[in-house]
Amino acid sequence: MEKYTLENGINVVAEYNKNTPRTAIVLYAGINNDEKITGLYYLMTQLLFQGTTNRTSEELASETDENAIDISIEKKADYIRFKLYCLNEDIEHGLEILQDIIENSTFDDYEKEIIKIKGEFESDLDSAKVQAQDNYYRTIFKNHPYGIGRKEIMDAVSSVTKQDLTDAFNEIKYKSPKNISVAGDINQDTLKRLLQKHFGNLNITDIKNTREKVSDLSENLVSVIEKEDANQAQIFKGWVLPSVYSKDYPSFVLLNTLLGASGLSSRLFMELREKQGLAYTVRSVYDPYILGGNFFVYIATEPKNIKVSLEGFEKEINKVMNEPVGEEELENAKNNAIGKRQFYRETNLMEASLNGYYEFIGLGCNFEDKLIADIKAVTGTQMLETAKKYFGANNALSVLAPKNYLKEAGLL
């Protein structure tokens with residue numbers, strides 16, 4: 001692993017993987033301020049492949065397809081990520097296209113894209129699970145950007161102007177923290193020259209992140225959606241957690257594995273599906289971000305099973321809060337969690353994305369190795385203390401089901 005800084009101050013981490021045919025270059029650009037209009041950043045990233053002053057959207061698509069150049073741009077909770085993945089011999093061509101997108105996007109088709117986004121989101125919200133999950137995030141991250149869902153974007157995005165888009169992207173280009181991560185078989189001197197040539201016009205700043213941290217819940221929150229034609233109840237229950245920088249990160253990786261992320265062997269699967277036959281899908285998710293995080297458990301079940309499913313969640317959560325995990329189960333959870341993480345670096349694109357993310361958030365590009373070592377060192381006592389610390393706090397509950405079943409469960 002090599003680390004260096006471009007002339008404009010952008011840090012680069014590079015992993016030179018010999019004898020690999022494709023090279024990945026990933027640029028992270030931080031979101032330091034809340035967007036002016038809800039959905040502005042999402043619309044902006046969707047438009048970045050819709051034409052530049054030099055290439056139409058059709059020309060961009062044709063040129064990248066013909067040369068097997070994969071460029072994607074994603075808006076995440078804390079950053080915008082630009083990914084380039086192509087054959088080693090096409091890296092300069094790919095960088096030239098990406099530079100054109102970053103420097104010369106026109107945003108001319110923004111009105112068409114707004115209509116497209118609203119149509120896609122309306123279609124997404126036909127899914128009961130999507131409705132319930134959006135509602136969960138809206139509830140647990142109330143009044144915070146992390147809680148913005150499809151409905152909020154649909155309601156606001158029509159007011160975005162071309163000038164709003166240009167201003168927002170200029171702020172990302174010239175007034176946000178950035179770093180670049182590379183993985184592939186490429187000459188070191190060539191890489192430095194190409195990165196300087198194609199990213200040298202970007203700036204980074206030390207502008208303070210003005211976004212507020214996630215607040216703890218002051219009370220238990222329940223939000224329901226009445227959907228009379230729902231054949232399944234969608235249930236999300238979660239807790240606010242600290243950010244990705246928390247010392248409890250390794251413990252929660254294992255708690256997530258233990259409860260619902262290890263598939264057939266997870267406790268929720270064994271108890272709620274195998275023993276009680278309540279659902280086909282039951283799982284847990286741990287999401288740590290820069291400004292906070294959350295952990296939730298989820299089940300899709302027959303509407304008549306809402307109450308017994310919530311009781312099942314409570315039983316399993318209470319168990320990890322009050323009963324130490326046995327050595328064999330703990331070891332199995334560690335092996336499962338670490339085994340899955342080995343796949344995070346399976347390709348150069350995955351490796352560049354992971355290394356770049358950790359470097360971007362300040363944990364260092366080698367953090368994954370440290371995290372795995374920390375996971376191996378977690379004890380049953382640590383997991384017990386972590387569970388008590390966070391699962392004993394207030395929680396957020398989102399349930400979608402027909403009205404009469406919500407009443408039966410005491411949620412109305």
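These legends describe close-up views of a predicted model.

**View 1**
Helix H13 covers residues 348–360. Twelve of its 13 residues are buried, so H13 is largely enclosed by the rest of the structure. Gly362 follows H13 and has a positive phi, near 90 degrees.

**View 1. A nonpolar surface patch that includes Met350.**
Which residues form this nonpolar patch on the surface? They are Phe343, Tyr344 and Met350. Together they have about 280 Å² of accessible area. Met350 sits in helix H13. Its relative accessible area is 31%, so Met350 counts as partly exposed.

**View 2. The salt bridge between Asp108 and Lys162.**
A search of the whole structure finds 29 salt bridges. One of them pairs Asp108 with Lys162, with the closest N and O atoms 2.6 Å apart. This pair links distant parts of the chain, 54 residues apart. Asp108 lies in the loop between helix H3 (91–104) and H4, while Lys162 belongs to helix H7 (residues 162–174). Both partners are partly exposed: Asp108 has 46% relative accessibility, and Lys162 has a relative accessible area of 35%.

**View 3. Asp248 with Lys247 and Lys389.**
Asp248 forms a salt bridge with Lys247, the closest N and O atoms being 3.5 Å apart. A salt bridge also joins the side chains of Asp248 and Lys389, at 3.3 Å from N to O. The pair of Asp248 and Lys389 connects distant parts of the chain, 141 residues apart. Asp248 is in the loop between strand E8 (233–241) and H9, and Lys389 is in helix H15 (residues 380–391). Are these three residues buried or exposed? Asp248 is buried, because its relative accessible area of 8% falls under 20%. Lys247 is exposed, because its 68% relative accessibility is over 50%. Lys389, at 47%, is partly exposed.

**View 4. Arg55 and its network of salt bridges.**
Salt bridges that share partners join Arg55, Glu63, Glu96 and Asp100 into one network. Arg55 is found in the loop between helix H1 (40–47) and helix H2 (57–66). With a relative accessible area of 10%, Arg55 is buried. What does Arg55 touch, not counting residues up to four places away in sequence? The list is Leu60, Glu63, Glu96, Ile97 and Asp100. Ile299 is 244 residues from Arg55 along the chain, and their C-alpha atoms are separated by 46 Å.

**View 5. Asn256 in helix H9.**
Helix H9 (residues 249–261) holds Asn256. This residue is buried, with a relative accessible area of 12%. Leaving aside neighbours within four places in sequence, Asn256 is in contact with Ala261, Ser284, Val285, Tyr286 and Phe295.

**View 6. Lys116 in helix H4.**
Lys116 lies in helix H4 (residues 110–124). Its relative accessible area is 42%, so Lys116 is partly exposed. Leu264 is 148 residues from Lys116 along the chain. The C-alpha atoms of Lys116 and Leu264 are separated by 39 Å.

How many disulfides does the structure hold? The number is zero. A disulfide is a covalent bond between the sulfur atoms of two cysteines. Cys86 is buried, with a relative accessible area of 0%. Cys365 is buried too, with a relative accessible area of 2%.

Notes. Residues are numbered from 1 along each chain as its sequence is written. This is a predicted model: local features need pLDDT of at least 70, side-chain atom pairs count only at pLDDT 80 or more; totals for chains, interfaces and linings use all residues. Side-chain values use heavy atoms; hydrogens and water are left out. Helices (H or I, at least four residues) and strands (E, at least two) are DSSP runs, numbered from the N terminus. Buried means under 20% relative accessible area, exposed over 50%, partly exposed in between (1.4 Å probe, protein chains only). Contact means heavy atoms within 4.5 Å. Patches are made of residues with over 30% relative accessible area and no salt bridge: like charges are joined within 9 Å, nonpolar side chains (Val, Leu, Ile, Met, Phe, Trp, Tyr) within 5 Å. Accessible areas come from the Shrake-Rupley method with a 1.4 Å probe; for residues, only the protein chains shown count as cover. A salt bridge is a side-chain nitrogen of Lys or Arg within 4 Å of a carboxyl oxygen of Asp or Glu. A disulfide is a pair of cysteine sulfur atoms within 2.5 Å.
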